[in-house]
Amino acid sequence: MNLYTILITLLILCVLVIVHELGHFMVAKKTGIFVEEFAIGMGPKLFGRQGKETLFTIRVFPVGGFCKMRGEEPEFDTDGNLIPRDPNIPIDPRSYEAKSRGQKLLVLVAGSAMNIIFAVVCLVVVALFTGHTNVFDAIGTAFLNTWRFSGLIFQSFGMLFTGQVGLDQLAGPIGMVSMVDTFLQSGLIILLAFTAMLSVNLGIINLFPLPALDGGRIFIILIEMVVRRKLSPELEMKINYFGFIALIALAILIAVNDVMRLAA
C-alpha cells in the first residue's frame, strides 16, 4: 500500500459520490427545486463559483460531496433546538419541502439511479476493451454484469443477516485501499470493472431503509403516503439521529476490522 494507491482510492470514492449527488442535482433542478450549493469534497471551502442559481464549491477533504437543496433540512437555533415553521409564512414554492411526495421520491432515488447508470457506462468500456465486440453487444453485457453485481450485493447481505458471514468480513474505505492496490496491479480495465461494482454497491445500499441514507428518507415518505399525513419534524429528526448513531457505530466497527486485517 502506497500514497499512489491511497490517492487513487480517494479519487474513486470522490467520483462515485459526485456521480450520486449529480443525480440528486439534475432531478432537483428538473422539478424546480432551488439548489443552493453543489459541493465536491467535504469540510471547509477552498474554492467557490456562483452559477446562475447554485454555488459550486470545492472543499478541503477530497472524499464525498453534497447537493444542498433549499428547505431540505429543518432549521435549528444556536442551542441546537428545532425551530418550528411559522404556519403563517407560506412555504417557498421552490423549496424541497414544497414539492409533492412523488417529486421528492424522484429526487431521492435519482442519486442511486445515477450510480447504476455510471456502472453500466464503465462496464460498456470494459466490454469494448476486453471482448473486441461491438457497441450493442457491449451494452448488453454491461447491463447483464450490472444485474449480476446487484445480485451479489443482495446475496452478501443475505449471508450477513443469516450468520453465514460475520461482521468481521465487512470492509470499509481502509480495506478498500488494499483491494484497489490488488486490482490496480491487474490493469486499469480491471480497476474500472471494480469501480463499476462499487458504484452499484453505493447505489443499492443508499436505497436501504436506514435513517441517514436516502432509503431512510424514502421510507419515511412512503409511511406518510400510507398514513396520509406528514410525520412531525421532531419525530423524523429523532429517527434520523438514532439511525445516524447506529451507522457511525457500524462504520467504526468496519474500520477496526480493516485495521486488524492490515495488522495481521
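Predicted model: local features only at pLDDT ≥ 70, side-chain atom pairs only at ≥ 80, totals over all residues.
Residues are numbered from 1 along each chain as its sequence is written, and side-chain values use heavy atoms, with hydrogens and water left out. Local features need pLDDT of at least 70 and side-chain atom pairs count only at pLDDT 80 or more, whereas totals for chains, interfaces and linings use all residues.

Helices (H or I, at least four residues) and strands (E, at least two) are DSSP runs, numbered from the N terminus. Helix H2 covers residues 101–131, and its end C-alpha atoms are 44 Å apart, which agrees with the 45 Å that its 31 residues should span at 1.5 Å a residue. That expected span is 1.5 Å times one less than the number of residues. A kink of about 35 degrees is centred on Ala-110 of H2, the bend being the angle between axes fitted to the seven residues ending at a residue and the seven starting there. His-132 follows H2 and has a positive phi, near 50 degrees.

The largest nonpolar core has 16 residues, among which Leu-123, Val-124, Ala-142, Phe-149, Ala-196, Val-200 and Ile-204 touch the most other members. Two or more residues of this core come from each of H2, helix H3 (135–161) and helix H5 (188–205). H2 gives the most, with seven residues. Such a core is a set of buried Ala, Val, Leu, Ile, Met, Phe, Trp, Tyr and Cys residues joined through side-chain atoms within 4.5 Å. Buried means under 20% relative accessible area, exposed over 50%, and partly exposed in between (1.4 Å probe, protein chains only).

Nine salt bridges are found in the whole structure, each a side-chain nitrogen of Lys or Arg within 4 Å of a carboxyl oxygen of Asp or Glu. In one of them, Arg-59 pairs with Glu-37, with the closest N and O atoms 2.7 Å apart. This pair joins strand S2 to strand S1 across 22 residues, and both Arg-59 and Glu-37 are buried.

Another salt bridge links the side chains of Arg-217 and Glu-72 (2.9 Å, N to O). Arg-217 lies in helix H6 (residues 214–227) and Glu-72 in the loop between S2 and H2, 145 residues apart. Both Arg-217 and Glu-72 are buried.

Asp-92 and Arg-70 also meet through their side chains in a salt bridge (2.9 Å, N to O). Asp-92 is partly exposed, with a relative accessible area of 28%, and Arg-70 counts as partly exposed at 28%. Asp-92 and Arg-70 belong to a network of salt bridges with Glu-36 and Lys-68.
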